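Welcome, and please take a moment to look over the sequence and the 3D view.

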Amino acid sequence: MAKRKATRKKIVKKNIARGVVYISATYNNTVITVTDEAGNVIAWSSAGSLGFKGSKKSTPYAAQQAVEDALTKAKEHGIKEVGIKVQGPGSGRETAVKSVGATEGIRVVFLKDITPLPHNGCRPPKRRRV
């Protein structure tokens with residue numbers, strides 16, 4: 001039997017100048033997604049995908065590493081200006097925003113918090129009948 005050679009999908013380099021960085025900071029992990037202005041994903045990274053396990057995933061250092069990884073992938077596609085949208089209460093939230101601003105060659109245009117907030121909460125349970 002002849003062995004087949006594994007074929008890899010070629011990564012197409014896009015030329016996108018502006019984008020949006022979504023930072024989702026939960027209590028357990030931090031996920032960074034870089035999209036173009038239309039919302040198509042260019043690059044992503046998370047603390048878990050970088051090899052952090054357990055409680056180390058939720059640290060600010062892991063969030064910083066995830067941001068640097070996602071932005072180096074995005075720079076290959078030509079990202080120069082980004083807006084930042086932050087979601088969630090996690091500990092890596094502030095550090096992730098700071099490390100996007102500190103990244104060389106990327107200019108931050110705006111910063112927005114998109115954490116969902118309940119207006120009146122969810123419906124309470126039915127009254128108990130005994």
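Let us begin with serine 24, whose bridge partner in strand S4 is glutamine 87. Strands, like helices, are DSSP runs numbered from the N terminus (helices are H or I with at least four residues, strands are E with at least two). This is a predicted model, in which local features need pLDDT of at least 70 and side-chain atom pairs count only at pLDDT 80 or more, while totals for chains, interfaces and linings use all residues. Residues are numbered from 1 along each chain as its sequence is written, and side-chain values use heavy atoms, with hydrogens and water left out.

**The sheet**

Strand S1 (residues 18-25) and strand S4 (residues 81-87) run parallel and are joined by seven bridges. S4 also runs parallel to S5, with six bridges between these two. Here glutamate 81 stands opposite arginine 107 in S5. S2 and S3, in contrast, are antiparallel, and five bridges hold them together.

| Strand pair | Bridges | Direction |
|---|---|---|
| S1 and S4 | seven bridges | parallel |
| S4 and S5 | six bridges | parallel |
| S2 and S3 | five bridges | antiparallel |

In what order do the five strands of the open sheet lie? The order is S3-S2-S1-S4-S5, and the pairing is mixed; two strands pair if DSSP finds at least two bridges between them. Strand S3 (41-46) and strand S5 (107-113) are the edge strands, each pairing on one side only. On average, neighbouring strands of this sheet are turned by 15° against each other, with direction ignored. Such angles run from 0 to 180 degrees between N-to-C directions, and the axes behind them are lines fitted to C-alpha atoms, for helices over the stretch in contact.

**A hairpin and a buried threonine**

S2 and S3 form a hairpin with four residues between them. In its turn, glycine 39 has a positive phi of about 100°. Threonine 35 belongs to strand S2 (residues 30-36), and its bridge partner in S3 is valine 41. Is threonine 35 buried or exposed? Threonine 35 is buried, because its relative accessible area is 4%; buried means under 20%, exposed over 50%, and partly exposed in between, using a 1.4 Å probe and protein chains only. Apart from neighbours within four places in sequence, threonine 35 is in contact (heavy atoms within 4.5 Å) with Gly19, Val20, Tyr22, Asn40, Val41 and Ile42.

**The helices**

Two helices accompany the five strands, and from the N terminus on the elements run β-β-β-α-β-α-β. H1 lies across S1, S2 and S3, at about 155° to S3. H2 lies across S1, S4 and S5, running at about 180° to S4.

Two packed helices are described by the angle between their axes and the distance between the axes. For helix H1 (residues 60-75) and helix H2 (residues 93-102), the angle is about 35° and the axes are 8 Å apart. Which residues meet there? From H1 come Pro60, Ala63, Gln64, Val67 and Leu71, and from H2 come Thr95, Ala96, Ser99 and Val100. The residues of this contact divide into six nonpolar, three polar and no charged; Ala, Val, Leu, Ile, Met, Phe, Trp, Tyr, Cys and Pro count as nonpolar, Asp, Glu, Lys and Arg as charged, and the others, Gly among them, as polar.

Threonine 95 lies in helix H2. Beyond its neighbours within four places in sequence, threonine 95 is in contact with Pro60 and Gln64. Threonine 95 and valine 67 are 28 residues apart in sequence and 9.3 Å apart in space, C-alpha to C-alpha.

Isoleucine 11 sits in the segment before S1. Isoleucine 11 is exposed, because its relative accessible area is 58%. From isoleucine 11 to serine 55 there are 44 residues in sequence and 33 Å in space, C-alpha to C-alpha.

Finally, the C-alpha trace of the protein spans about 75 × 50 × 30 Å along its principal axes. Buried residues make up 34% of the 130 residues. Of the contacts with a separation of 6 or more, 65% come from residues 24 or more positions apart.
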